[in-house]
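Here is a short note for a colleague opening this entry for the first time. Please read the points with the model in view.

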Amino acid sequence: MAGLLAHLDLDAFFANVELLRRPELRGLPVIVSGSGPRAVVTTASYEARAFGVRSAMPTVQARRLCPQGILVPPDLDAYRSASRAVMAVVRDHIDIVEQMGIDEAYLDITGLVTPNAALRRLVAEIRTATGLTASVGIGPNKLVAKVASDAEKPGGFVRLTIEQARERFAGASPGLIPGIGPRTVERLSAMGITTLGALGAVDEGTLAAVFGPRQGPQLAARARFEDDARVEPERAVVSESRERTFEHDVRDIGELEEILGVLTAQLCGSLRERDRRGRTVRLKLRLDDFTTVTRARTLGHATDDEREIHGTAVELLREYRPARPVRLLGVGIAGLSAGDDQLTFAL
Amino acid sequence: MKITTTHNDLLERLQTVARVASTRSAIQALSGVQISAGPEGVELRATDMEIGLRTPLAAEVERPGEVVLPARLLLEIVRRLGGAAVELELRPEHQDVEIVSGTARFQVRTLRAEDFPLLPSTDGEHTVAMPAQAFTETINRVSRSASRDETRPILTGVLVSVDGPSLRMVATDSYRLSVKQTQLETAIANGFEANVPARALEELGRLVTTGTETITIGVTANQVIFHIGNVVLSSRLIDGQFPNHSQLIPEAFDHELTVETTEILEVVERISLMAQKNAPLRLSFTPGELRVSAQTPDVGEASDVLPIPFTGEPFEIGFNAEFLTAGLQSAGSPQVILKLISPLRPGLIESADGSGFLYLIMPIRLNV
């Protein structure tokens, strides 16, 4: 039986959570962002997007584009709890759910008798329960569903077959497809390929010559909306990390160690909340020249112990001794396991 | 160098010594066996820099000298020779050794003899005589708990302590701890304590045969040297402080249960079949009964019950199946005493016949 999938994507998620808490901002251009010199936009309301403000844009630039924009500092705890509320509603209706981050999920709706009606009910219920709006895309695979959910945001509801998707987006830039980034778009454009229709029709050999034997044919297949990834109900989380970009580069190792302490405390809080422990401690540094360095050490056992993780991260930092000022510092833990865990002697 | 020996003796001695030769050293000579022919006879030697082995070879020395030949290759060649006698002759002009047996002739290129290290020997001062069987029996009871993880070298050893009439060995890989205290028939004058690589002790176990009565042990600052008959096994000692194991053993336990070793071992081994891929073995204690169960996702599950003199609040504890099995197997007594506190505290297996065996094992935290 051919499968049917839906992609559910919350509209301007962070901004909308803020609007719920501060209704007086409704209708105004809201930009969720920190305020330091290096801050980037996390989300913008649709009013702010009208000015050209986009996610991940430096906040300085967003302010230039939209001087009347209202800057709201991000409150991740509030977003997480809103996300949990939404996903709880989703799981009440749909059995197989693959959550992709904080504000989107793939749903396996194969076998539903009236999938459109069921999903419209779900969207309405999310709205009633949380006040948040979502866009839905429905299609035979993840790729079609994802592109469809994005096509008529906010409040979109688009169902397409593969053929309909090909036809509808034939004239769109290849950049519309998730996984085809600006660099690839640029290289395609240099080859004279500027639309999905053109990309889907290009001889695979030509693409393979430029992008390699694996990626080349894959590009064309994705442009034709071919995708066979399944909905994986539980994405195995294998690592977790916390990092921070500084407002001013940090040179002092003592200060870096202190910041590591703060990041480790956040990381361990989250590990304990989810009853997770990891075996490999990772340190990440970005220097002022944008060199990114990671260092890792595997412990003999899984841990969520703050002192142990911080101690290991500090050791890694001291061993590496950054020779240049540091602009970003992060600590992470990998090899995560939940639940059953062999305990060890304190030796 | 030119010697003549018998095929049987050469093969037997090579089999003993070749196992010690290195398999992965950057120094080629360490993958070799050194044949040293002198006025006192012929000796075969091999070492990987951690462990060294010397064994005499009954041979007729026509011309003394020393050569190093690739150990595995030499063993394979000798294994396939047909003649009763074997002649080995160094041909310096060809930098090889010619091996002649029956009608077969081999010319084997030598390894750099100057790279082969001098093996340690005892000065005869700090040596003790030790009953061989008691010593190896003690090794067998604890060596499985030594760590194989080279990143913590200190745990790859067995702490051997000799104090008067008492011989004690301790090993731990941080998941379990084995302690065996053996009472010797006679006290030993020069006691010592040394962290000996478990690998060396396992090698010693192979060299001691049922006929071996006594071995001598010499300990220097960084080496231990065992004499087993005319074979000499030496090993580097592991540097650093072995963990204080006595502080790991809880002073008091809430439950002490005496069980027939074979009964519980049978159940544990049976149910362990379904504890694959690091899945824990679940031990559920209820009054009068122990239920052992295991479940491996996509493989299946199993359970069995065993009457046990348990009283009090029921509780469930998880253990690694292999670790628990090893502990029960190593107890070596008809009955064992299981001592437990709670699901996240270590459990203890103790031999019930007072033979001085302790096996402390950390549980697996169970998810549900």
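1. Start at Ala12(A). This residue sits in the loop between strand E1 (5-10) and helix H1 (13-21) of chain A. Most residues other than glycine have a negative phi. Bear in mind that this is a predicted model.

2. Next, a peptide bond in chain A. Lys153(A) and Pro154(A) are joined by a cis peptide bond, with omega about -10 degrees. Most peptide bonds are trans. Where is Pro154(A)? The residue lies in a loop of chain A, between helix H6 (142-151) and strand E8 (157-159).

3. H1(A) packs with helix H4 (residues 76-93) of chain A at an angle of about 95 degrees, and their axes are 10 Å apart. Angles of 65 to 115 degrees count as roughly perpendicular, so H1(A) and H4(A) are roughly perpendicular to each other. From H1(A) come Phe13(A), Phe14(A), Val17(A), Glu18(A) and Arg21(A). They meet Leu76(A), Ala78(A), Tyr79(A), Ala82(A) and Ser83(A) in H4(A). By class, the residues of this contact of H1(A) with H4(A) are seven nonpolar, one polar and two charged.

4. Salt bridges come next. How many does the structure hold over all chains? The total is 45 salt bridges. One of them pairs Lys146(A) with Glu104(A), and the closest N and O atoms are 3.0 Å apart. This pair links distant parts of the chain. Lys146(A) is in helix H6 of chain A, Glu104(A) is in strand E6 (residues 104-108) of chain A, and the two are 42 residues apart.

5. Turn to the interface. On the chain B side, 21 residues are in contact with 12 residues of chain A. The two chains bury about 1,500 Å² between them. Of that area, 60% is on carbon and sulfur atoms. How many salt bridges are counted between chain B and chain A? The count is zero.

6. In chain B, look at helix H1 (residues 7-18) and helix H2 (residues 71-79). Their axes come within 10 Å and cross at roughly 150 degrees. Angles over 145 degrees count as roughly antiparallel, so H1(B) and H2(B) are roughly antiparallel to each other. H1(B) passes H2(B) in a left-handed crossing. On H1(B), the contact residues are His7(B), Leu10(B), Leu11(B), Leu14(B), Gln15(B) and Ala18(B). On H2(B), they are Ala71(B), Arg72(B), Leu74(B), Leu75(B), Val78(B) and Arg79(B). The contact of H1(B) with H2(B) has eight nonpolar, two polar and two charged residues.

7. The axes of helix H3 (residues 132-142) and helix H4 (residues 198-207) of chain B come within 10 Å and cross at roughly 135 degrees. That angle makes H3(B) oblique to H4(B). Which hand does the crossing of H3(B) and H4(B) have, left or right? The crossing is left-handed. Phe135(B), Thr136(B) and Ile139(B) of H3(B) make the contact with Leu201(B), Leu204(B) and Gly205(B) of H4(B). The contact of H3(B) with H4(B) has four nonpolar residues, two polar and no charged ones.

Terms used: Residues numbered from 1 in each chain as written. Chains lettered and ligands numbered in written order. Predicted model: local features only at pLDDT ≥ 70, side-chain atom pairs only at ≥ 80, totals over all residues. Heavy atoms only, no water. Axes fitted to C-alpha atoms, helices over the stretch in contact; angles between N-to-C directions. Helix = DSSP H or I, 4+ residues; strand = E, 2+ residues; numbered from the N terminus. Parallel < 35°, antiparallel > 145°, perpendicular 65-115°, else oblique. Left-handed = near helix turned anticlockwise from the far one by under 90°. Contact = heavy atoms within 4.5 Å. Nonpolar A, V, L, I, M, F, W, Y, C, P; charged D, E, K, R; others polar. Buried area = accessible area lost by both parts, 1.4 Å probe. Salt bridge = Lys/Arg side-chain N within 4 Å of Asp/Glu carboxyl O.
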